[in-house]
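Student: I have a model open on my screen and would like a close look at a single part of it. Could you pick one residue and take me through its surroundings, then the neighbouring features?

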Amino acid sequence: MDVSGHSRNARRPRARTRTRTRTRTRTRTGILLSAAAALAAAAIPVSAPHPTATAAPAPDPVVVDCFSKPQIRPEEYLLACGDGNNRLVDLTWNTWGPHTATATGTDLVNDCRPYCAAGRFRPYPVTVTLSHPQPWPDHPGTQRFSTIRLLYTDTAPSPVPKDVTYKLVYEPPPTPTP
């Protein structure tokens with residue numbers, strides 16, 4: 001026995017406790033370092049794609065408005081750029097893809113009675129389909145829809161048929177060559 005009255009064997013459990021504490025501390029440290037390494041590896045950007053990888057898909061086509069601005073899923077679209085007497089409103093787009101876009105909405109048409117300045121805008125429920133995308137000159141990589149189809153779901157404005165398709169793209173005549 002020592003002076004304190006405890007035997008030497010009483011100190012051994014403390015030694016085991018210290019060993020267990022060191023082992024637990026080392027284990028925790030190892031786990032924390034492993035977790036930190038895993039997080040660091042996840043944060044490092046992946047190398048650039050292989051040169052033979054496919055290119056990103058082309059963006060969906062746009063519809064060009066009266067001011068030559070590209071629009072995607074517009075809520076309104078002016079059909080009569082010259083006088084503003086025909087416009088699509090409240091458009092809800094069901095699809096907008098690489099070949100077609102479809103929406104439902106209302107075609108507001110001025111009845112021009114007795115003349116356009118005194119006429120009233122009348123609403124006609126309509127289904128709109130944009131189609132035939134073509135390259136947009138002077139806008140590399142951008143396609144624009146070139147036709148619009150209006151299918152009136154109730155009555156159509158007189159004398160327009162219930163199903164009508166218009167060109168959206170004005171193509172000037174070719175320049176004569178000398």
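Tutor: Happy to! Let's begin with contact, which here means heavy atoms within 4.5 Å. Before we go on, a word on the basis: this is a predicted model, in which local features need pLDDT of at least 70 and side-chain atom pairs count only at pLDDT 80 or more, while totals for chains, interfaces and linings use all residues. Residues are numbered from 1 along each chain as its sequence is written, and side-chain values use heavy atoms, with hydrogens and water left out.

Our residue is aspartate 111. Leaving aside residues up to four places away in sequence, aspartate 111 touches Gly119, Arg120 and Arg122. With arginine 122 there is a side-chain to side-chain polar contact at 2.9 Å. That term stands for a pair of N or O atoms within 3.5 Å; within protein, one must be able to donate a hydrogen and the other to accept it, and residues adjacent in sequence count only if both atoms are side-chain atoms.

Strands (E, at least two residues) and helices (H or I, at least four) are DSSP runs, numbered from the N terminus. The chain has 8 strands and 1 helix, in the order α-β-β-β-β-β-β-β-β from the N terminus.

Is aspartate 111 buried or exposed? Aspartate 111 is buried, because its relative accessibility is 18%; the cut-offs are under 20% relative accessible area for buried, over 50% for exposed and partly exposed in between, using a 1.4 Å probe and protein chains only. Across the chain, 24% of the 178 residues are buried.

Now for the disulfides, each a pair of cysteine sulfur atoms within 2.5 Å. One of them links cysteine 112 with cysteine 116, S to S 2.0 Å. Its S-S torsion is about 95°, so this disulfide is right-handed. Cysteine 112 is partly exposed at 23%, and cysteine 116 is partly exposed too, at 34%.

The structure holds 2 disulfides, and another joins cysteine 66 and cysteine 81, with the sulfur atoms 1.7 Å apart. Here the torsion is about -80°, so the bond is left-handed. Cysteine 66 lies in the loop between strand S1 (63-64) and strand S2 (70-71), and cysteine 81 in the loop between strand S3 (77-78) and strand S4 (86-96), so the pair ties together parts 15 residues apart in sequence.
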